[in-house]
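Trainee: I would like to go through the labels used for this structure and ask what stands behind each one. Can we look at it together?

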Amino acid sequence: MSDLKRMYFETSERNRTMISFVAAVVLGAALFVAFLQPELVKTKTLRENSSRLSEQVKLVKAQQEKFEELGRSNLKLGSEQLEYLAARGNEVLFEEEVERFIGDMKEINEKVGGSQFAVSEGAIRPGYIAVGPRKDIYTLSYVPLTLDFKGDYAAASNFIFQLRAMKRLMTIDNVDIVSKDYSAVLNARIQMGLYFIEEI
């Protein structure tokens with residue numbers, strides 16, 4: 001080390017300046033690699049993630065705008081859309097068939113061994129559904145239903161399977177099965193929604 005110091009001080013001032021400059025560059029590069037480069041990589045990653053999220057937000061907004069626009073246009077389901085849904089196991093009821101559908105559910109309850117069947121209907125409101133390859137949005141009506149009945153576990157599960165087999169355009173939002181004394185008798189509550197149309 002002493003030899004290096006002696007050589008450094010014995011050399012010309014110009015050489016000392018160059019050596020100091022090279023040493024500063026090497027030190028700066030080492031500091032960059034040690035401290036700044038990881039931060040730059042992190043910043044680049046954050047920027048790329050931000051760009052990706054921004055694109056996703058744009059896509060969601062575009063889909064929302066399409067949904068709102070088509071929803072406001074009040075497109076009605078026609079025979080073509082009804083056939084499309086029926087072919088996929090989602091037949092749409094007409095308004096006059098809703099009461100018949102509720103009656104069919106009561107019959108299913110009796111067949112599976114349930115008792116004390118009751119239906120509570122909520123307020124009818126507009127519903128929306130995407131139909132066809134382009135997923136165009138159509139408006140129809142939606143009525144929330146709450147089904148209550150008593151039975152055993154076999155009756156409750158069989159009722160749900162029979163409900164699915166009806167192949168109607170519906171949603172099952174919640175199933176609540178309670179047995180207070182852990183016996184075979186239980187109370188079942190199914191909250192669902194039924195879609196229907198008034199006319200073609």
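Trainee: Why is the contact between K58 and E55 called a salt bridge?
Mentor: A salt bridge needs a side-chain nitrogen of Lys or Arg within 4 Å of a carboxyl oxygen of Asp or Glu. In this predicted model the closest N and O atoms of K58 and E55 are 3.8 Å apart, so the pair meets the cut-off. Side chains of opposite charge can pair when their charged atoms come close.

Trainee: Where do K58 and E55 lie?
Mentor: Both are in helix α2, residues 13-73, three residues apart, which is about one turn of the helix. Helices are DSSP runs of H or I with at least four residues, strands are runs of E with at least two, and both are numbered from the N terminus.

Trainee: What makes K58 exposed?
Mentor: Buried means under 20% relative accessible area, exposed means over 50%, and partly exposed is in between, with a 1.4 Å probe and protein chains only. K58 has 52%, so K58 counts as exposed. E55 has 47%, so E55 is partly exposed.

Trainee: What should I know about the numbering and the model before we go on?
Mentor: Residues are numbered from 1 along each chain as its sequence is written. The model is predicted, so local features need pLDDT of at least 70 and side-chain atom pairs count only at pLDDT 80 or more, while totals for chains, interfaces and linings use all residues, and side-chain values use heavy atoms, with hydrogens and water left out.

Trainee: How many salt bridges does a search of the whole structure find?
Mentor: Four. One of them joins R100 and E97, at 3.9 Å from N to O. R100 has 52% relative accessibility, so R100 is exposed. Another joins D148 and R189, at 2.7 Å from N to O.

Trainee: How do you know that the pair of D148 and R189 links distant parts of the chain?
Mentor: D148 is in strand β4 and R189 is in strand β6, 41 residues apart. R189 has a relative accessible area of 39%, so R189 is partly exposed.

Trainee: What makes a set of residues a nonpolar core?
Mentor: The members are buried Ala, Val, Leu, Ile, Met, Phe, Trp, Tyr and Cys residues, joined through side-chain atoms within 4.5 Å. The largest core has 24 residues, and F101, M105 and F159 touch the most other members. Two or more residues come from each of α4 (98-112), β4 (136-151), α5 (153-165) and β6 (186-197).

Trainee: Which residues does F159 touch?
Mentor: Not counting residues up to four places away in sequence, F159 touches M105, I108, N109, V112, F117, L147, F149 and I190. Contact means heavy atoms within 4.5 Å. A second, separate core has twelve residues, including L77, Y138, L140 and Y142.

Trainee: What makes the nonpolar surface patch a patch?
Mentor: Its residues must have over 30% relative accessible area and no salt bridge; like charges are joined within 9 Å, and nonpolar side chains (Val, Leu, Ile, Met, Phe, Trp, Tyr) within 5 Å. Y153, I172, V175 and I177 make a patch of about 320 Å². Areas come from the Shrake-Rupley method with a 1.4 Å probe, and for residues only the protein chains shown count as cover. I177 has 33%, so I177 is over the 30% limit and is partly exposed. Strand β5 (residues 170-178) gives the most to this patch, with three residues.
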